[in-house]
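Dear colleague,

I am handing over a structure that I would like you to look through, and my notes on it follow just below.

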Amino acid sequence: MNKRTFFEEADIKAFEPEAKIGLLATLNPEGWPHLTFLSSMRAKDHRTLMFGQFTEGLSKVHVRDNPRTGFLIMTPDKRLWRGKARWTHSARQGEDFEMYNNQPMFRYNAYFGINTVHYLDLVETGGRENLPMAAIIAAAVLTRLARTGPPAETERILKPWAEDLFNKMGALKFLAWVDRDGFPKIVPVVQGQAWGSRGLVFSAFAYGPELSDLTPGLKVAVFGLFIDNMEDVLVRGEFAGFSRRRGLRIGRVDLDWVYNAMPPKQGQIYPVQELKPVVNF
């Protein structure tokens, strides 16, 4: 990508519609990547991103402790923008707060509105890209051809519905890791598929040069989204490296964490957390 430090006017206009995919990659206290779906993400100006918060989630905590983020915005026509930004501050009033809450999605919602607006300084962006559908379809076919039966499982990690989501050919998947500069980076891995309930596999035929930066043992996050019914799930694990399967180069992620990213109640699914009594009201 040709990197620059500003958005063009056409980029700003493309980010305005509500019907788009916005992803924010943040870093948790251990320095591991986390991905959040934020359709409210847009450009305030040529050098500033912003998004409206309407639910509580881990990303809003992460940015206050570590302001380095990665972002991806994709429009319905499969154009996308990726880059890195630094969180600076938030606000609970002002013109942007009013703008968000006057949009139809939030103005006529009886359950929630935007309660906070977050601002990020643009660090770099590669400008507009087109999702390479021909390469992605080929990579998905190659992944399916090379995917062998998973090892025997004594305990499931992905629930059956989440495993099915990752295996849907129409589902979108995005992988994030911490880049060399300490900022999280997001790369589409639409070709990715479940390897049983404990792993994900993908061909590097699409986005191969960027995926080649992955090294064994690297902690990665993968966000799966089926846009037709707005189902999504976030998983994390270690990249196990690339290997040859049936003559094809296939990467694998060994999962160790699953997170429900869907409102109204986000939370960890795996490892299963012990139920604790509520003592304060």
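Two strands are said to pair if DSSP finds at least two bridges between them. Keep in mind while reading that this is a predicted model. By that rule strand S8 (residues 172–178) pairs with S12, because 5 bridges join them, and these two strands run antiparallel. One of the bridges links alanine 176 to alanine 221 in S12.

S12 also pairs with strand S13 (residues 231–245), again in the antiparallel sense, over 8 bridges, and phenylalanine 226 has glutamate 231 in S13 as its bridge partner. The two strands form a hairpin with 4 residues between them, and in the turn methionine 230 has a positive phi of about 55°.

Is S12 (residues 219–226) mostly covered or mostly uncovered? It is mostly covered, since 8 of its 8 residues are buried. In a regular strand the side chains alternate between the two faces of the sheet. Here Lys219, Ala221, Phe223 and Leu225 are buried on one side, and Val220, Val222, Gly224 and Phe226 are buried on the other.

Turning to the rings, the count comes to 8 aromatic pairs. Among them, phenylalanine 7 and phenylalanine 15 are edge-to-face, 5.4 Å centre to centre with 90° between the planes, and both residues are buried. Tryptophan 257 and tyrosine 259 are instead stacked, at 5.3 Å and 10°. Tryptophan 257 counts as buried because its relative accessibility is 9%, under the 20% cut-off.

Finally, the charged end of arginine 245 sits over the ring of tryptophan 195, 4.8 Å from its centre.

With best wishes

Definitions and conventions
Residues are numbered from 1 along each chain as its sequence is written. This is a predicted model: local features need pLDDT of at least 70, side-chain atom pairs count only at pLDDT 80 or more; totals for chains, interfaces and linings use all residues. Side-chain values use heavy atoms; hydrogens and water are left out. Buried means under 20% relative accessible area, exposed over 50%, partly exposed in between (1.4 Å probe, protein chains only). Rings of Phe, Tyr and Trp (its six-membered ring) pair if their centres lie within 6.5 Å; planes under 30 degrees apart count as stacked, over 60 as edge-to-face and the rest as tilted. A charge sits over a ring if NZ of Lys or CZ of Arg is within 6 Å of the ring centre and within 35 degrees of the ring normal.
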